[in-house]
Amino acid sequence: MNRPHPPAPRSIQAVFFDIGETLINEGEIYGRWADWLGVPRHTFLTKLGAILAAGGSHQDLFEYFRPGFDLEAEQKRRAAAGVPNGFGPDDLYPDARACLAALREQGLYVGIAGNQPVEAAEQMEALGLDADVIGISDVWGVQKPATEFFERCAQIADVLPDRVLYVGDRIDNDMRPAVAFGMRAAFLRRGPWGHIQQDDETLAECLFVLDDLEDLPALVARHNAP
């Protein structure tokens with residue numbers, strides 16, 4: 001008697017998403033910092049782009065406009081002044097919620113994991129997204145691009161690294177280290193880093209290159225089809 005072969009395991013079993021400029025639009029966050037520092041918003045964001053193009057970081061942006069900038073101290077001053085910090089429902093990209101829900105409907109493990117302060121854990125939970133886990137670097141005690149960050153994602157999902165798809169907007173922090181660890185990667189071309197950083201070699205190693213999250217569930221389903 002011939003018995004049917006068991007179904008082959010799906011190529012992608014877990015999908016993890018970065019937070020900033022992947023799920024969360026950080027435009028208003030940077031805008032509030034510009035207001036706090038007394039810099040016109042368009043000037044602040046233009047300088048951010050120039051610094052990123054030169055290989056700098058957002059910390060260099062603060063230092064440029066206020067030498068000796070102390071992020072922790074300024075955050076405390078802003079909190080005392082009643083200035084909102086972090087993100088909320090209005091900052092969620094409109095394609096994020098449906099994308100996560102559609103991937104869960106496919107039976108995939110869906111995670112959110114990014115470089116964020118401790119407070120972001122509660123802020124992400126409050127959004128009520130359809131995810132199995134929310135990983136915050138300052139809670140985990142490890143930040144991207146460290147290999148241990150991506151290893152933590154695979155361990156939590158309890159799947160092999162090559163069955164994990166990591167979705168992010170940065171080549172340096174997301175794509176390169178995810179691929180180096182043996183994960184699949186999906187590059188999301190949005191936000192300052194997504195439009196400024198260029199690396200054709202790394203992009204060629206990505207499973208998907210996206211302009212938004214709308215088509216990702218269908219792409220994953222097609223990739224996993226027998």
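**Figure 1. Helix 1 and helix 4 are roughly perpendicular to each other, because the angle between them, about 85 degrees, falls in the range of 65 to 115 degrees that counts as such.** In this predicted model, the axes of helix 1 and helix 4 (residues 71-80) lie 12 Å apart where the two helices pack. Helix 1 contributes Arg32, Trp33 and Trp36 to the contact, while helix 4 contributes Leu71, Glu74, Gln75, Arg77 and Arg78. Sorted by class, the residues of this contact comprise 3 nonpolar, 1 polar and 4 charged.

**Figure 2. The buried residues of helix 1 pack against helix 2, helix 3, helix 4 and helix 10 (191-196).** The residues in question are Ile29, Tyr30, Gly31, Arg32, Trp33, Ala34 and Leu37. Among them, Arg32 and Trp33 also belong to the contact that helix 1 makes with helix 4. Just after the helix comes Gly38, whose phi is positive, at about 75 degrees.

**Figure 3. Helix 2 (residues 41-53) packs on helix 3 (residues 58-65) at an angle of about 125 degrees, with 9 Å between the axes.** This angle makes helix 2 oblique to helix 3, and the crossing of the two helices is right-handed. On the side of helix 2 the contact is formed by Thr43, Phe44, Lys47, Leu48 and Ile51, and on the side of helix 3 by His58, Asp60, Leu61, Phe62, Tyr64 and Phe65. By class, the contact of helix 2 with helix 3 holds 7 nonpolar, 2 polar and 2 charged residues.

**Figure 4. Thr22, in the loop between strand 1 (14-17) and helix 1 (27-37), is joined to Asp169 by a polar contact of 3.4 Å between their side chains.** Thr22 counts as buried because its relative accessibility is 0%. When neighbours within four places in sequence are left aside, Thr22 is in contact with Phe17, Tyr93, Val167, Gly168, Asp169, Leu188, Arg190 and Leu213.

**Figure 5. Lys144 and Pro145 are joined by a cis peptide bond, with omega at about 10 degrees.** Most residues other than glycine have a negative phi, and most peptide bonds are trans. Pro145 sits in the loop between helix 7 (137-140) and helix 8 (147-157). In the loop between helix 8 and strand 4 (164-168) lies Asp158, which has a positive phi, near 60 degrees, in a residue other than glycine. Asp158 is exposed, its relative accessible area being 67%.

**Figure 6. Phe150, a residue of helix 8, is in contact with both Lys144 and Pro145.** Because its relative accessibility is 0%, Phe150 counts as buried. Leaving aside neighbours within four places in sequence, the contacts of Phe150 also include Tyr166, Asn173, Asp174, Pro177, Ala178, Phe181 and Met183. For reference across the model, Phe150 and Glu72 are 78 residues apart in sequence, and their C-alpha atoms are 27 Å apart in space.

**Figure 7. Met175, in helix 9 (residues 171-181), is buried, with a relative accessible area of 0%.** From C-alpha to C-alpha, Met175 and Ala185 are 5.9 Å apart in space, and 10 residues separate the pair in sequence. Not counting residues up to four places away in sequence, Met175 touches Tyr166, Val167, Gly168, Arg170, Ala185, Ala186, Phe187, Thr202 and Cys206.

Notes:
Residues are numbered from 1 along each chain as its sequence is written. This is a predicted model: local features need pLDDT of at least 70, side-chain atom pairs count only at pLDDT 80 or more; totals for chains, interfaces and linings use all residues. Side-chain values use heavy atoms; hydrogens and water are left out. Helices (H or I, at least four residues) and strands (E, at least two) are DSSP runs, numbered from the N terminus. Buried means under 20% relative accessible area, exposed over 50%, partly exposed in between (1.4 Å probe, protein chains only). A polar contact is a pair of N or O atoms within 3.5 Å; within protein, one must be able to donate a hydrogen and the other to accept it, and residues adjacent in sequence count only if both atoms are side-chain atoms. Contact means heavy atoms within 4.5 Å. Axes are lines fitted to C-alpha atoms, for helices over the stretch in contact, and angles run from 0 to 180 degrees between N-to-C directions. Angles under 35 degrees count as roughly parallel, over 145 as roughly antiparallel, 65 to 115 as roughly perpendicular and the rest as oblique. A crossing is left-handed if the near helix is turned anticlockwise from the far one by less than a right angle, and right-handed if clockwise. Ala, Val, Leu, Ile, Met, Phe, Trp, Tyr, Cys and Pro count as nonpolar, Asp, Glu, Lys and Arg as charged, and the others, Gly among them, as polar.
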